[in-house]
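Here are my notes on the model, as numbered points. Please read them with the structure open.

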Amino acid sequence: MAYTGVMPSARSRGMVREARHLLFTVAPGATWIVIFLVLPSAYLMSVAFMTNGSYGLPELPLSLESFRRLAGFGFLGWSPGNLYTLLRSLWQTLVSTGLVVIVAYPIAYYISTCRAKWRPIMLLLVVVPSWTNQVIRTFGWMNLLAPGTPLSELAEALGLISANMGLYPSNFAVTLGLVYNFLPFMVLPLYAAFEKLDTAQVEAAQDLFASPIRAFWHAVFPQTLPGLLAGIVLVAIPAFGMYVIPELLGGGKGMMLGNLVANQFAGGANWPLGAAGAILMLIATFIGLYAMRRIGRRLGGGEEVVI
Amino acid sequence: MRKRTLKRGLTGFWWFTLAFLYLPLAVVVLFSFNASNSAATFTGISLRWYGRLMGNEEILSAFANSMILAITSSVIALGIGCLIGYGMYRHRHRKLGWLIVLIYLPIVLPDIVFGISEMAFFVQIHRLTGLLQPGLVTMIIAHVTFQIPFVALIVYSRFVGLDPTLFEAAKDLYASPTKRVVHFMLPTIKPALISAFFLSFTLSVDDFVISFFTAGPESATLPIYIWGAIKKGVSPEINAIATLMIGAVAIAAIISLVFSRRRQA
């Protein structure tokens, strides 16, 4: 009896020690993230529900004015400017993600068919440009697309743009910049999917006289779907919130939601309006993550869609 | 027959895509050696823009800021992240869902929301208390915040990959926990610590948006300086400084290639 009396106290002492260990290791980092990220974002969200005071800083009373402004209602009645910006962000995200898939799919497949010793080098070649700073890469495109450059003159000769306009600034330049920026993020997960592709399924389909298209659709595509979904998350979510590329390549008519938000904070224009835009971006982010998780689980590849 | 045309088409597409990926960088490098200050026509080779860099105080101080920021934030993040990584491993049988959410938050939050949250927060703290004036300190805080998750996840996965009985053996071998940390834990996770440090360093140097919104007037980093120069109107000096940064990346790429080759061998 004495023995069993000792056991619980020893165990509970052990549990206390374990709990203290957990506290010591995890608390510094958790506290850091709570103070320097959770609190600031909570503050930002609360700003969206305040009134725009003098100097653009938020003031009480609480109101929904900033969301009205985001929807386009201003001092001079309704104007579609903000709504266009929102639609443009959605459109640019969709188009660039689609184009990235179209380019990345054959590239990832091609790399997986090459000799094993070349594959790491090929992947490195795809990834290395994204190691350089985003501002520099975008600056490179500014140089390539400006009026008077060979690419612009070619487009002019083909009648795609009017004289001396140049390909930048334009919405086209923004799409191009987005595709360029996010291509590696799609190639990597797709390559991972192609690398462990079960070729027996493809051979079975061919043996059963499936057309190449049907063989692809039934034997290849489903196997690469988890990689594709992971790639879409990695591309679409940051593309929707992009700031640098539309700011440099888009000009006034190429603005996206990220620029709308940032402009409200630079020079203290209207913090609550900017915060409302940020909330919209957060909602889009979490809907995107949630949807991908759901689809990923339904495909049974829930673990492979790494978020 | 059909297979061969497919393969040939794919090879062509591969080279086309590579050209697409490297063209903007090549243009920057090429025009950094341009003799005239035109951004559209190449007139001859000269090193004058590089000469100008050396005398530009602003660029030198931006470079120093970038280095101070990257090294300080990586060191802090390494300490904090390493602790979390170990805690997550040791207590992986508990329900730590809230911790996982917390750790993934800096990764999934859009850069612009991240940067603006911090900026709004720092501005208000500064107004109320006079502390945390925008500058290198606020930038270091922000960078550590986005580096912690990467360090924690790298260290955690290194621990998961270890044989659990190693921990028992270490317990038998070394009596004191301090000795266990110094002689067993740190040496075993050394590769993870090194790669976590380099990843943190790279993320810091590469970041523009979060730095831009948390920076003060005196704490511009290289990307912020370049951004300002582009906004003011293109100067050929940007090509020169950008080329140097591309060169640094190229060296890093070659080093990583050599390392992966050695691991294969």
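1. Start with Val261(A). This residue sits in helix H11 of chain A. Buried or exposed? Val261(A) has 28 C-beta neighbours inside 10 Å, and the threshold for burial is 20 or more, so Val261(A) counts as buried. Bear in mind that this is a predicted model.

2. Now the contact between the chains. Chain A gives 59 residues and chain B gives 59 residues. On the side of chain A that touches chain B, the elements giving two or more residues are helices H1 (2-47), H3 (81-113), H4 (119-127), H5 (134-145), H10 (244-250), H11 (257-265) and H12 (271-298) of chain A. Which helix gives the largest share? That is H1(A), with 17 residues. By class, this side of chain A holds 43 nonpolar, 15 polar and 1 charged residues.

3. The core deserves a look. The largest nonpolar core has 140 residues. Ile116(B), Val151(B) and Val155(B) touch the most other members. Domain 1 (1-37) and domain 2 (80-298) of chain A both contribute residues to this core, so it lies between them.

4. Neighbours within four places in sequence are set aside here. Its contacts are then Ala77(B), Leu78(B), Gly81(B), Cys82(B), Gly85(B), Ala196(B) and Ser200(B).

5. Next, the domains of chain A. The assignment gives domain 1 as residues 1-37 and domain 2 as residues 80-298. How far apart are their centres? Taken over C-alpha atoms, the separation is 45 Å.

6. Chain A as a whole has 12 helices and 4 strands. Its radius of gyration is 26 Å, whereas a compact globule of 307 residues would have one near 19 Å. Along the principal axes, the C-alpha atoms fill a box of roughly 95 × 70 × 35 Å. Buried residues make up 41% of the 307 residues. Of the contacts in chain A between residues at least 6 apart in sequence, 65% join residues at least 24 apart.

7. Chain B has 12 helices and 0 strands. Along the sequence, its pattern is α-α-α-α-α-α-α-α-α-α-α-α. Its radius of gyration is 23 Å, well over the 18 Å that the globule rule gives for 265 residues, so chain B is more spread out than a compact globule. The C-alpha trace spans about 70 × 70 × 35 Å along its principal axes. Of the 265 residues in chain B, 38% are buried. Among its contacts with a separation of 6 or more, 78% join residues 24 or more positions apart.

8. On the annotation of chain A: an unreviewed UniProt entry places "transmembrane region" at residues 21-45, 90-111, 123-142, 172-194, 215-245 and 265-291. Two of these spans can be checked against the model. Residues 21-45 of chain A are 100% helix and 0% strand, with end C-alpha atoms 34 Å apart. Residues 172-194 of chain A are also 100% helix and 0% strand, and there the end C-alpha atoms lie 31 Å apart.

9. For chain B, UniProt (unreviewed entry) lists "transmembrane region" at residues 12-33, 59-84, 96-116, 136-160, 181-203 and 238-259. The span 181-203 of chain B is 96% helix and 0% strand, and its end C-alpha atoms are 28 Å apart. For residues 238-259 of chain B the figures are 100% helix, 0% strand and 32 Å.

10. A last point on backbone geometry. Leu132(B) is not a glycine, yet its phi is positive, at about 55 degrees. Where does Leu132(B) lie? It is in the loop between helix H5 (111-129) and helix H6 (136-160) of chain B. With 16 other C-beta atoms within 10 Å, Leu132(B) is partly exposed.

Definitions and conventions: Residues are numbered from 1 along each chain as its sequence is written. Chains are lettered from A and ligands numbered from 1 in the order in which they are written. This is a predicted model: local features need pLDDT of at least 70, side-chain atom pairs count only at pLDDT 80 or more; totals for chains, interfaces and linings use all residues. UniProt positions are given in the numbering used here, feature names are shortened, and annotations may be inferred rather than shown by experiment. Two residues are in contact if their C-beta atoms, placed from the backbone, lie within 7 Å. Ala, Val, Leu, Ile, Met, Phe, Trp, Tyr, Cys and Pro count as nonpolar, Asp, Glu, Lys and Arg as charged, and the others, Gly among them, as polar. The radius of gyration is taken over C-alpha atoms; the globule rule is 2.2 Å times the number of residues to the power 0.38. A residue is buried if 20 or more other C-beta atoms lie within 10 Å of its own, exposed if 12 or fewer, and partly exposed in between; C-beta atoms are placed from the backbone. Domain bounds come from an automatic or database domain assignment. A nonpolar core is a set of buried Ala, Val, Leu, Ile, Met, Phe, Trp, Tyr and Cys residues joined through C-beta atoms within 7 Å.
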